[in-house]
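Here are my notes on the model, in numbered points. Please read them with the coordinates open.

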Amino acid sequence: MNTDTTLPTLDRTFSVAPMMEWTTRDYRAFARTLSRRALLYTEMVTSGAILHGSPRERFLGHDPVEHPLALQLGGSDAGELAECAAIAEAWGYDEVNLNVGCPSDRVQNNLIGACLMGHPDKVAAAVKAMREAVSIPVTVKCRIGIDDQDEDADLAHFIDVVADAGCDTFIVHARKAWLQGLSPKENRDIPPLNYPRVHRLKAERPALHIGINGGIKTLDECREQLAHVDSVMVGREAYQNPWLLAGVDAALYGEPGPAASRHAAARAFRPYIARRLAEGARLNHLTRHLLGLFQGCPGGRKFRRHLSEHAHRDGAGLAVFDDALGLVLEGTAAPATALAT
């Protein structure tokens, strides 16, 4: 049981949001060719999958290069979540994050995700149990509200109840989730962004770490947000336009990033591809995460097309990847340092 209130400190200035089917271990390993400092999150993994799924490696496996790395859990039973948090710590994760933001029907039916914003006491109990089970940070990712909740009073109540249970870090998606009437996809775009509400939350609760998520697409926007909150989390843009990550270390941490060019990042990922292929992975499951790497570059469309047409075939290997890379003329894209200006 953890009785020490001093927890390890992660620099979470910039993080990549947990995204189902996107932030897989392969994407995360690729992201590390672009940024050493970004905090990476897994896809949401339910407590049931960890406790009852087999093999556990399927849900928790990761490469040492992925650190700093957080596991996002989905669930509502305090005992199960505490057990999963302890397992996550044993597997080497640097943080456990509770999902209180996913709006899909499937997770609602299991009292997972955004619907928990209507049950702050249950979230508080889960946070308390998880904190007592581990020494790594336990954090919460939530929305600014659900359905007809008041974005001021109800959000403040939720944050206060959960903070009283020991959570001092909240990453807030600056949109409501409409559990009735909107699909999960629509919930990512249709509810209006309300950045000022998250900024005000930080101003009113300076002792808490308040991060912001939702609609952020550029490093300039990240810097603007960091004038009001403690951290920024970027989702779809970091996946669809992964080269964004190449400027993170310099722009937000004042350190050079690992990738001098897009080609250099692709080549740095090549040994990982070779290792995963040897383990039985299919090439397309690895290269799908690179399809946006040469976005806007001469030959970028040919790169994507070649991988889309050939990487899924039986026996596809490094030659397919190398041929695709050869379709993009090296030196035609801006270097990573240009992103940090």
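1. In what order do the eight strands close into a barrel? The order is β1-β2-β3-β4-β5-β6-β7-β8, and the pairing is parallel. Neighbouring strands of this sheet are turned by 30° against each other on average, direction ignored. Axes here are lines fitted to C-alpha atoms, for helices over the stretch in contact, and angles run from 0 to 180 degrees between N-to-C directions. Helices (H or I, at least four residues) and strands (E, at least two) are DSSP runs, numbered from the N terminus. Two strands pair if DSSP finds at least two bridges between them.

2. Some ground rules. This is a predicted model: local features need pLDDT of at least 70, side-chain atom pairs count only at pLDDT 80 or more, and totals for chains, interfaces and linings use all residues. Residues are numbered from 1 along each chain as its sequence is written, and side-chain values use heavy atoms, with hydrogens and water left out.

3. Look at β3 (residues 69-74). Five bridges join it to β2 (residues 39-46), and the two run parallel. Thr46 stands opposite Gly74 in β3. Helix α4 (residues 78-90) packs on the sheet, touching β3 and β4 (95-100). Contact means heavy atoms within 4.5 Å. The direction of α4 makes about 160° with that of β3. On the β4 side, four bridges join β3 to β4, again parallel. Leu71 has Val96 as its bridge partner in β4.

4. Is β3 covered or open? It is mostly covered: six of its six residues are buried. Buried means under 20% relative accessible area, exposed over 50%, and partly exposed in between (1.4 Å probe, protein chains only). Leu69, Leu71 and Leu73 are buried on one side. Ala70, Gln72 and Gly74 are buried on the other.

5. The loop between α3 (57-60) and β3 holds Val65. Val65 counts as partly exposed because its relative accessibility is 39%. Not counting residues up to four places away in sequence, Val65 touches Ala29 and Arg32. Val65 and Val100 are 35 residues apart along the chain, and their C-alpha atoms are separated by 28 Å. Pro68 is found in that loop between α3 and β3 too. A cis peptide bond joins His67 and Pro68, with omega about 0°.

6. Another cis bond deserves a check. The peptide bond from Ser54 to Pro55 is cis, with omega near -5°. Pro55 lies in the loop between α2 (47-52) and α3.

7. How many aromatic pairs does the structure hold? It holds five. The rings of Trp22 and Tyr239 are stacked, because their centres are 4.5 Å apart and their planes at 15°. Rings of Phe, Tyr and Trp (its six-membered ring) pair if their centres lie within 6.5 Å; planes under 30 degrees apart count as stacked, over 60 as edge-to-face and the rest as tilted. Trp22 lies in the loop between β1 (14-16) and α1 (25-31) and Tyr239 in helix α11 (residues 236-240), so the pair ties together parts 217 residues apart in sequence. Trp22 is partly exposed at 25% relative accessible area, whereas Tyr239 is buried at 9%. Trp22, Tyr27 and Tyr239 form one aromatic cluster.

8. Phe269 and Tyr272 form a stacked pair, 5.1 Å centre to centre with 20° between the planes. Both lie in helix α13 (residues 262-278), three residues apart, about one turn of the helix. Phe269 and Tyr272 are both buried.

9. Now the largest pocket. Its volume is about 910 Å³. The search used a 1 Å grid over the protein atoms alone; a pocket is an open set of points where a 1.4 Å probe fits, with protein on both sides within 12 Å along at least five of seven lines, and lining residues have an atom within 4 Å of a point. The lining has 32 residues, of which Pro18, Met19, Met20, Arg188 and Arg236 lie nearest the centre. β5 (138-146), β6 (169-177), β8 (231-234) and α11 each supply at least two lining residues. α11 gives the most, with three.

10. Two backbone angles to inspect. Glu21, in the loop between β1 and α1, has phi near 70°, a positive value in a residue other than glycine. Glu21 is exposed at 58% relative accessibility. Asp147, in the loop between β5 and α7 (153-164), has a positive phi of about 45° although it is not a glycine. Asp147 is buried, at 17% relative accessible area.

Notes. Grid points are joined across faces, edges and corners, and a volume is the space filled by probe spheres set on the points.
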